[in-house]
Amino acid sequence: MNSLGIIANPASGKDIRRLVSHATVVDNNEKINIVKRIILGAQGYGVEKIFIMPDTFLIGYKVIEDLTVSGELKIPVSILDMKVEGNLNDTTNGAKIMEEEGVNCIVVLGGDGTNRAAAKAIVKTPLISVSTGTNNVYPEMLEGTVVGMTAAAITAKSCDLGVTCRKDKRIEIFLEDELIDIALVDCVISKQTFIGSKAIWDMGDIVEVIVSRAHPASIGFSTLIGVNMIIKEDDDFGAAMKMNTGEAKSIAPVAAGTLKEIFHHMPKKIELNEEYIFNPDYRGSIALDGEREIIFKAGDKFKFKITRNGPFRVNIKRTLEEAQKNGFFKY
């Protein structure tokens, strides 16, 4: 049976960075509407079953109720049977269950952090990432109907996944040679010694930035490197850059409508699978895709690696072009 998994994070787009910038936020009612459009697009092109991650805002239940009342829902839609913690563990657990269920594609609605949480559990399932705000690098702003159509084309195997999908990069973080976490876009090392609100927003605390991709057209911490060095998704390298020291000076868009003047060394290229060593002599924290997750102390021994072990990510336009070429849209 062709099936699709949908993860919609109700907490995405509500961190402190949006309180101190001018970022666009998609509220939870609009997330409900997006999920409806994904389901209708997918169902219209042959998806036979859909699984939705449960959440604290009850997005999945409201979607099912609305589409049932309107008479538009024609296929079974199930809410995963799992404990809801109200944090990113829900996304990781939901993605893991969906892959175990054998869904043909997983759609994630959320920011860089939400997609990172899903990527920690997804090994082989094609991923479609849908952005729900402007402070995002990894996911794309996509129309839900088109997302549903694309997911249907993937589930129907109407195109060659080797052509329409790409194995993404990720940053792997090792402590004492043990893999402890990952990031999809950036790791930010700072002198902030507690996790608190998760998001980093004081630029003066940043010591170093490590990225898998960087471009001046992005918004966020990867752009600190992006205004100095472009690293594309297909490039087999990343980079690291020391901050608040050195003689170089740049202006970077660190949040929507927020430009910051930064002092830094020039970026250092990190080749794919190369070890980048970080042995601090101070206390601080490491933010992964914008959220502080790791507290460290002097004497800890970290290694960072940029690999191609990231998600198997769907290219929307390429998928639909291949589907059209192969007659997917014909009756």
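Reader: What volume does the second largest pocket have?

Author: This is a predicted model, where local features need pLDDT of at least 70, side-chain atom pairs count only at pLDDT 80 or more, and totals for chains, interfaces and linings use all residues. Residues are numbered from 1 along each chain as its sequence is written, and side-chain values use heavy atoms, with hydrogens and water left out. A pocket is an open set of points on a 1 Å grid over the protein atoms alone, where a 1.4 Å probe fits, with protein on both sides within 12 Å along at least five of seven lines. Points are joined across faces, edges and corners, and the volume is the space filled by probe spheres set on them, which for the second largest pocket gives about 590 Å³.

Reader: Which element supplies the largest share of the lining of the second largest pocket?

Author: Lining residues have an atom within 4 Å of a point. There are 27 of them, with Val137, Glu140, Arg213, Glu233 and Arg313 nearest the centre. Helices (H or I, at least four residues) and strands (E, at least two) are DSSP runs, numbered from the N terminus. Strand S6 (165-167), strand S18 (312-314) and helix H9 (316-325) each supply at least two lining residues, and the largest share, three residues, comes from H9.

Reader: How are the rings of Phe278 and Tyr282 arranged?

Author: Rings of Phe, Tyr and Trp (its six-membered ring) pair if their centres lie within 6.5 Å; planes under 30 degrees apart are stacked, over 60 edge-to-face, and the rest tilted. The count by this rule is ten aromatic pairs. For Phe278 and Tyr282 the centres are 6.5 Å apart and the planes stand at 65°, so this pair is edge-to-face.

Reader: How many residues apart in sequence are the parts that the pair Phe278 and Phe302 ties together?

Author: Phe278 and Phe302 form a tilted pair, at 6.0 Å between centres and 35° between planes. Both are buried (under 20% relative accessible area, with exposed over 50% and partly exposed in between, for a 1.4 Å probe and protein chains only). Phe278 belongs to strand S14 (residues 275-278) and Phe302 to strand S17 (residues 302-307), so the parts tied together are apart in sequence by 24 residues.

Reader: Is Pro280 buried or exposed?

Author: Pro280 sits in the loop between S14 and strand S15 (284-288). Contact means heavy atoms within 4.5 Å. Leaving aside neighbours within four places in sequence, Pro280 contacts Phe296, Lys297, Ala298, Gly299, Asp300 and Phe302. Its relative accessibility is 5%, so Pro280 counts as buried.

Reader: What separates the C-alpha atoms of Ile180 and Phe302?

Author: Ile180 is in strand S8 (residues 178-183) and is partly exposed at 34% relative accessibility. Beyond four places in sequence, Ile180 touches Ile173, Leu175, Ile294 and Phe302. Ile180 and Phe302 are 122 residues apart along the chain, yet their C-alpha separation is 10.0 Å.

Reader: How many residues are in the largest nonpolar core?

Author: A nonpolar core is a set of buried Ala, Val, Leu, Ile, Met, Phe, Trp, Tyr and Cys residues joined through side-chain atoms within 4.5 Å. In the largest, Leu4, Ile6, Val35, Ile39, Ile50, Leu109 and Ile128 touch the most other members. Apart from it lies another core, of 20 residues, including Met82 and Val108. The residues in the largest core number 38.
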